[in-house]
Structures are given as C-alpha cells and as structure tokens.
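This report covers the surroundings of a ligand and the strand pairing beside it. The sequence and the structure are shown first.

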Amino acid sequence: MTRIICIASGKGGVGKTTVTANLTAALSQFNKSVVAVDGNLTTSNLGLHFGIPLYPVTLQDVIKKRASLRRAIYNHPAGFRIIPADVSLKKLMLPDTDRLMDVLYRFVGDADFVLIDSAAGLGKEAKVAVESADEVITVTNPDMPSLTDALKIAKVARRYETRNIGVVLNRVRGESHEMGPESVREFMRLPVIGNVPEDKHVRSAIAYRQPVVLYRPDSPAARHFKALAAWLAGERYEVKPGMLERLAGLFR
Ligand SMILES: Nc1ncnc2c1ncn2[C@@H]1O[C@H](COP(=O)(O)OP(=O)(O)OP(=O)(O)O)[C@@H](O)[C@H]1O
Ligand SMILES: [Mg+2]
C-alpha cells in the first residue's frame, strides 16, 4: 500500500523540509521505497537538502505538461527518489490540486511512501498539498506561536478529510518554558509522534547538502528521525542516548 503523506506546519521555518528530507532517507534505510516531492512551489528548497540545487526538469514542468513525470524523477545514491520544484522565480506558480494529485497518484502501487514537503502558511499552496495527500504530519516547535498555527493546519486537514497522523515536535531544547509532549498532545488532541532535539548537526548537514541521518547517523536529531521513520514503517528502533547525553545526565 502506498502512503501519501504531507508534511505541513502552518508557521514557517519550523523544520518541514528538514523532516521531509530526513524521513525520506531514514525510511529508505528501513528498505522502504520512498519518493520525496517538493510541494512548496513558490519557495522550494527540498532539492538543496539532497545536494542538487538546480534540476533541469522539475515538478512545475510536469504540472504544466511541459515534461513527462519520468524526467522529473531523480534517483538519489542512497536509494530514494526526489521530485524537486524549481527554485527560480521564472517558474513561479501555484499548484492545482487535480494536477498535483495526478502526479502523486502515479506512484500508487510503485512506492511505499510519497512524502510531500508543504509550503508554510494556510494559503492555497499549503492547502493543495494537504488536500492532495491521504495523511498529514504536522511539524511544530515547542512554543505557542508554532502550536497555534499547527492547530490551524490540523483543522484544515480535517476539513479535507486528510488523516492527521500526529505532531512532530522539532528543535526541542528541553528548556523550562517549552511546551512538553504531554501539553502538546492535549493542545493538539493528536499524538506526538516525534520529539526531535535542537542539534547543530542538522544545520551542518544542510551545508553539506545531506539529510542529517546520512551525514551524522549517530547525532541526536538523526536518531530521533530514525525513530519516527521506524514507527511509520512498523520497524523496531530504540533511541539510545549518545555518549555525550549519557555524560551530561551524570552531571545533572
Ligand atoms: N532539529 C533541528 N536542529 C537544529 N536546526 C534545525 C532543526 N530542524 C530544522 N533546523 C533548521 O531550521 C531552519 C528551518 O528549517 P526548514 O527549512 O526545514 O523549515 P521549514 O519549515 O521547511 O521552513 P519553510 O516554512 O520556510 O519551508 C533550517 O536552517 C534548519 O537547518
Ligand atoms: Mg521548507
């Protein structure tokens, strides 16, 4: 069965693209066939996370029927597929639900997971991505501004009958003012399926144009992304604390 999952957030900059890129790589490590689609057609950057900033044929070309889907699919050496969007202003466009669904549904039966990196906000672009998917994962930071927007996108998903799988808390620092998983669960009325720490390796991984699960597989964020992927894939994976975390624990 192919699962078409949109990674959405409401608020911008909370980590949707990072979650999409890392889930793609981690699911692929669990031997799942995965296609990552850049559903953020106005400020796309999923391709940058995979090391290829400029693709000759992109999702925009397929949507506008200027190129076949086959030409817009790129095989990553780590074993997954990417459909990038164009980063240039000249191909700026808003997607249309029917055309995006057309593209996505061609993977039904061919891939285990199709992950759509959504645009921020509650505008047409984000709504089309949520409506086109069967399921949605909402990414938020552990603060009220991100959470109130996360609640809105979860409501949009309900309106479109796209199943809310759960919430991924990202950039968790463990500071006392943060919303913890239990409060987030109560606020969102959804399970918290990921609890990814703030990790400098995520930023260096992007600079090295790789998802952190490939760049630093043992980093704290990578282990939490793998745990989330394992949960989605129905695999077993235990997030063990790393050496530094164990040492820090001794001094707490
Ligand atoms: N767990 C993390 N630890 C440290 N930095 C992170 C983490 N997750 C994301 N970031 C950083 O946060 C920034 C925003 O991440 P990202 O681009 O994935 O967010 P986004 O929600 O896709 O943004 P947009 O709404 O603009 O599409 C990036 O610089 C990224 O490196
Ligand atoms: Mg993004």
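Two strands are said to pair if DSSP finds at least two bridges between them. The model described here is predicted.

By that criterion, strand E7 pairs with E8 (residues 192-197) in the parallel sense, over five bridges. One point of contact in this pairing is valine 167, whose bridge partner in E8 is valine 192. Between E7 and E8 the chain passes through helix H7 (residues 181-188), and this β-α-β crossover is right-handed.

E7 is also joined to strand E6 (residues 135-140), by six bridges, and E6 and E7 run parallel. Here glutamate 135 has arginine 163 of E7 as its bridge partner. Together with helix H6 (residues 144-159), E6 and E7 form a β-α-β unit that is right-handed.

| Strand pair | Sense | Bridges | Bridge partners |
|---|---|---|---|
| E6 and E7 | parallel | six bridges | glutamate 135 and arginine 163 |
| E7 and E8 | parallel | five bridges | valine 167 and valine 192 |

How many of the ten residues of E7 are buried? Nine are, and the strand is thus described as mostly covered.

The ligand site also draws on E7. Around ligand 1 there are 20 residues, of which Gly12, Lys16, Thr17, Thr18 and Ala120 come nearest. Helix H1 (16-29), strand E7 (163-172) and helix H8 (200-207) are the elements that each supply two or more residues to this shell.

Conventions: Residues numbered from 1 in each chain as written. Chains lettered and ligands numbered in written order. Predicted model: local features only at pLDDT ≥ 70, side-chain atom pairs only at ≥ 80, totals over all residues. Near = placed C-beta within 6 Å. Helix = DSSP H or I, 4+ residues; strand = E, 2+ residues; numbered from the N terminus. Buried ≥ 20, exposed ≤ 12 C-beta atoms within 10 Å, placed from the backbone. Right-handed = clockwise from strand over helix to strand, strands pointing away.
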